[in-house]
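Trainee: I would like to take a close look at a single part of this model and then follow how that part connects with the rest.

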Amino acid sequence: MADLKKLSRHRLAQIVAAEIPDGSYVNVGLGIPTLVARYLDPSKEVILHSENGILGLRGLREGEAGDVDLINASKEHVQLVPGSSICEQSTSFAMMRGGHLDATILGAFQVSPNGDIASWSTGDPNAVPGIGGAMDLVAGAKRVIVTMEHTTRDGQPKLLERCVFPLTGCGVVTSVYTDLVAIDVVPGTGFVVRGLADGVSREQVQRATGAPLHWADCVSVLTH
């Protein structure tokens, strides 16, 4: 699959960020989701949540000094925005579990057409699994948005008929953005592609996918 014209991680983050509605409360996870926070439209009010107890944060600007007392759940230095608040972790998890977040954006190892997600363990005995707050987030957020590469490093699909790794949540994923496509997970239908990377064909994407793809009536071109 090396010949595919894949979107860069930063371009993928831009695409996801552009679709976050004004006024949303959003939790962002490790990896590509962290990049999403960099590309949010400054004219929109999007309040970012960190499971360790911050509501209203932003990443550090270039050259900006970090404060050791201000980190997100990924242990990265952050800054507060006007109107932000800090709470104990139990209250933060209550926000997550209680349906108070409009969306959570996180990575995944595997996603299935019925919305199952596996994001915390590959079963590798030499790896250290870390579930963090992912189970609480996918169970409580109104939208579960997955951002990830379309395939593994050795070219195996991450979009599968059935997840084979331990599940984080069952039937919870609403959207998937990969370096090849933008997909809605539609109950009763499965993966519905509504955006396709420029220069990539439908046949190429289907060959790189371990489950049937359906196509929206209007499929947008995702430019590089």
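Is E64 buried, partly exposed or exposed, going by its relative accessibility?

Mentor: The model is a predicted one, and what follows should be read with that in mind. E64 counts as partly exposed, because its relative accessibility is 26%, and a residue is called buried under 20% and exposed over 50%. Its side chain meets that of R58 in a salt bridge, with 3.0 Å from N to O, and R58 at 21% relative accessibility likewise counts as partly exposed.

The side chains of K142 and D102 meet at 3.6 Å, N to O; since K142 lies in the loop between α4 and β8 while D102 lies in the loop between α3 and β5, the pair ties together parts that are 40 residues apart in sequence. Here K142 is exposed, with a relative accessible area of 54%, whereas D102 is partly exposed at 23%. In a further salt bridge, the side chains of D184 and R194 meet at 3.0 Å, N to O, and because D184 sits in strand β10 (residues 181–186) and R194 in strand β11, this pair ties together parts 10 residues apart in sequence. D184 is partly exposed, with a relative accessible area of 25%, and salt bridges that share partners join E19, D184 and R194 into one network.

Strand β11 (residues 190–197) pairs with β12 in the parallel sense over six bridges, and V192 stands opposite H214 in β12.

Within α1 (residues 9–18) lies H10, a partly exposed residue with a relative accessible area of 33%; H10 touches L35, R38 and Y39, leaving aside residues up to four places away in sequence. The C-alpha atoms of H10 and Y39 are separated by 8.7 Å, although the two residues are 29 residues apart along the chain.

In helix α3 (residues 89–97), S92, F93, M95 and M96 are buried. Seen down the axis of α3, these buried residues fall within an arc of 150°, so they line one face of the helix. What covers them includes the strands β2 (47–50) and β3 (54–59) as well as α4 (134–140). After α3 comes G99, whose phi is positive, near 80°.

The largest nonpolar core has 50 residues, of which V111, I117, V146, V173, V176, I183 and F191 touch the most other members, and α1 gives the most to this core, with five residues. The contacts of V111, again leaving aside residues up to four places away in sequence, include V146, V173, V176 and F191, together with D116 and K158.

How values were computed:
Residues numbered from 1 in each chain as written. Predicted model: local features only at pLDDT ≥ 70, side-chain atom pairs only at ≥ 80, totals over all residues. Heavy atoms only, no water. Helix = DSSP H or I, 4+ residues; strand = E, 2+ residues; numbered from the N terminus. Buried < 20%, exposed > 50% of the residue type's maximum accessible area, 1.4 Å probe, protein only. Contact = heavy atoms within 4.5 Å. Arc of directions from axis to C-beta. Pairing = 2+ DSSP bridges. Core = buried A, V, L, I, M, F, W, Y, C linked by side-chain atoms within 4.5 Å. Salt bridge = Lys/Arg side-chain N within 4 Å of Asp/Glu carboxyl O.
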